[in-house]
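Here is a short briefing on one protein model. Look at the structure first, then read the points by topic.

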Amino acid sequence: MAVDMRLPTVHKHISLASQSHLDSKHLVVPGDVITSDTGFMRGHGTYMDEERLTASVAGEVERVNKLICVKPLKTRYNGEVGDVIVGRITEVQQKRWKVETNSRLDSVLLLSSVNLPGGELRRRSAEDELAMRDYLQEGDLISAEVQSVFSDGALSLHTRSLKYGKLGQGVLVLVSPSLVKRQKTHFHNLPCGASIILGNNGYVWLYPTPGHQDEEAGGYYTSMEPVSLSDREVISRLRNCLLALSAHKVLLYDTSVLYCYESSLTHQIKDILKPEIMEQIILETRQRLVEHEG
Amino acid sequence: MRDTPLSNCERLFLLKAIEEKKRLDGRQTYDYRNIKITFGTEYGCCIVELGKTRVLSQVSCELVPPKDSRPTEGIVFFNLELSPMASPAFEPNRQSELLVTLNRQLERCLRNSKCIDTESLCVVSGEKVWQIRVDVHVLNHDGNLMDAASIAAISALSHFRRPDVAIQGRDVTMFSPEERDPISLSIYHMPICVSFAFFLQGSYLLVDPCEREERVMDGLLMIAMNKHREICSIQSSGGIMLLKDQVLRCSKIASVKVSEVTELINKALDNDRKIRKEGGKFGFAESMPKERITTLKRDKAPVEMTDVKETASEIVNRTETPTEAVDSPVLVATGTAQVGEGLVNSWGLEEDEEDEPQMTEDRKRAGEVMVISDSEEEEVVILNQEAPKSKKTSKK
């Protein structure tokens, strides 16, 4: 078995124009005093310590008129209504499923919030309750949308659309929830040959683009046909690119993922995980993103 | 906070690997992880590292009135704590089942086996006895807490010294360590716990399961034994059906492991005693590895090298003879400015000034070595087309 050995190299960091505005960001750590001015309202991530507004999480200070809040860099997912999430079923209870979504409390998926297989619309009966495990079991991955937020912070999910439901073959990548950019749509069919679901909770799902949509599926049909090698390679490359992007704290959205993929084509898939090649690829991606915006 | 649940893929992968006799970290079925025992500056303080699982135990003593039913015996009290530092699954004030199991097993292993002579802890019969308190804290949970806790507890007890006392009639004077040397406890034998994890309805077993393996196991068998091959306690949890010969086989494996571990503990105790006598530095500060930026310390990773020689010779035989030795091999070095053959860099960028001493150094060192930079701001074209290294062109 061949062993790969590399010596550590010294890198010269070339500062890009986009990074100069980092100095203007107000970064704080827990305990830092944000302001002594009492005229501000305190938002999330802050608390009052002897009339001084102090940060309780490590992150960036955001100010909207009179409201000051601290947006943390690494945090558990805080749900908002309308977010798309990817979660894993942990428990099957009476009339509902408990879904793990990288938040402080497990989210809830009520039986009345899912589409019945076959797509019929009727009142859920006792037989439906007993057959819950046939639809979704412990360990299954689902994509869903946040319907509402309970008072204690737990999320209530629903899959009342054909694009949500049980996820079939693919790769799950876990990143920090603060890296996923809020956009109009989180389901993308990338031109490189794979599809991606960027969950707001930091769970990103990569899967081969489905050939044609099965109308009667209702979100439970998961194709178990073997995935072709080329599709698998594309998905592996995307997964490594996502890991590289999250290691360098680049915001994840379809454009950044695509640019990263294209920059990585010159390297082998397994080389993307090496730190020095990761840096190269991210540098190119950042440059292209700056040009794209500018 | 609950731990992230194990995905179906991971579970299947672990079980399949176990069926093929492969473990995640490359160990064999009966192999323990690296055990490291270190003692603190105080007597009775010990940290045990079993792979990544870390357990701290501290022994302290106090003079108290004895129990009414046993007026001539000292008291030994065990307390194991699972703090959230060990794992996000442990909540601060929750009495979980795991905690109760570990506490009971520790008590059974060390108290019921009578490894400590409690009669020697009596000072004044019926009035004053020593109460020895063993506090075990789990610092990091990476599987097999019971083994680490039992090793830590018995090492700390063997390391501990209690203050000397003088009895005159009914007066008891306790001497401080400066006045009289403290006395170590009298320990008859060292019971060590060995854990066996069973998978797939008892058909596969592993010694010293790591955290991932613990999550997919069906049942756990804990055997506490000492080096004289006496079983101190045996407990099976998880509801698996074990055959008689399986249990006997486990006890045989346990006796081998226990003798190794006992030797390790004795060696660590001897080392510590020697260093203290010689007046050298002891304690946790000395045993922690120095974390400097310039040092790169990693544990030795096991690499499968069984057919390295054959594979290497195969590759060597297969490849063609290399082209003629090139006079100026192409070196790809990042962070340096471009050095052409005889050309002076006319970009005039700031980085050049800093790199020039390095550039000239390179040239002096390697003779006619052409250094290609990976800098994005320069156009680099390789003149040497037959170089064995891959072509690299980067454009601004």
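Chain B has an accessible surface of about 24000 Å², an area that comes from the Shrake-Rupley method with a 1.4 Å probe, where for residues only the protein chains shown count as cover. Carbon and sulfur atoms own 51% of that surface. This is a predicted model, in which local features need pLDDT of at least 70, side-chain atom pairs count only at pLDDT 80 or more, and totals for chains, interfaces and linings use all residues. Residues are numbered from 1 along each chain as its sequence is written, chains are lettered from A and ligands numbered from 1 in the order in which they are written, and side-chain values use heavy atoms, with hydrogens and water left out.

**Chain B as a whole**
- Chain B holds eight helices and 16 strands. Helices (H or I, at least four residues) and strands (E, at least two) are DSSP runs, numbered from the N terminus.
- Of the 396 residues in chain B, 40% are buried. Buried means under 20% relative accessible area, exposed means over 50%, and partly exposed lies in between (1.4 Å probe, protein chains only).
- Take the contacts in chain B with a separation of 6 or more: 69% join residues 24 or more positions apart. Contact means heavy atoms within 4.5 Å.

- Helix α2 of chain B covers residues 97-110. Its 14 residues should span 20 Å, and its end C-alpha atoms are 20 Å apart, which agrees. The expected span is 1.5 Å times one less than the number of residues.
- Buried residues of α2(B) include Leu99(B), Leu102(B), Asn103(B) and Leu106(B).
- The buried residues of α2(B) pack against several elements of chain B, among them β4 (75-82), β6 (128-140) and α3 (145-159).
- Helix α5 of chain B covers residues 244-278. Its 35 residues should span 51 Å, and the end C-alpha atoms are 51 Å apart, in agreement.

**Leu6(B)**
- Leu6(B) sits in the segment before α1 (8-19) of chain B.
- Leu6(B) counts as buried because its relative accessibility is 7%.
- Arg212(B) is 206 residues away along the chain, yet its C-alpha atom is 8.6 Å from that of Leu6(B).
- Leaving aside neighbours within four places in sequence, Leu6(B) contacts Arg11(B), Leu14(B), Arg212(B), Arg215(B) and Val216(B).

**Met305(B)**
- Met305(B) lies in the loop between α6 (284-287) and α7 (308-318) of chain B.
- Met305(B) is partly exposed, at 48% relative accessible area.
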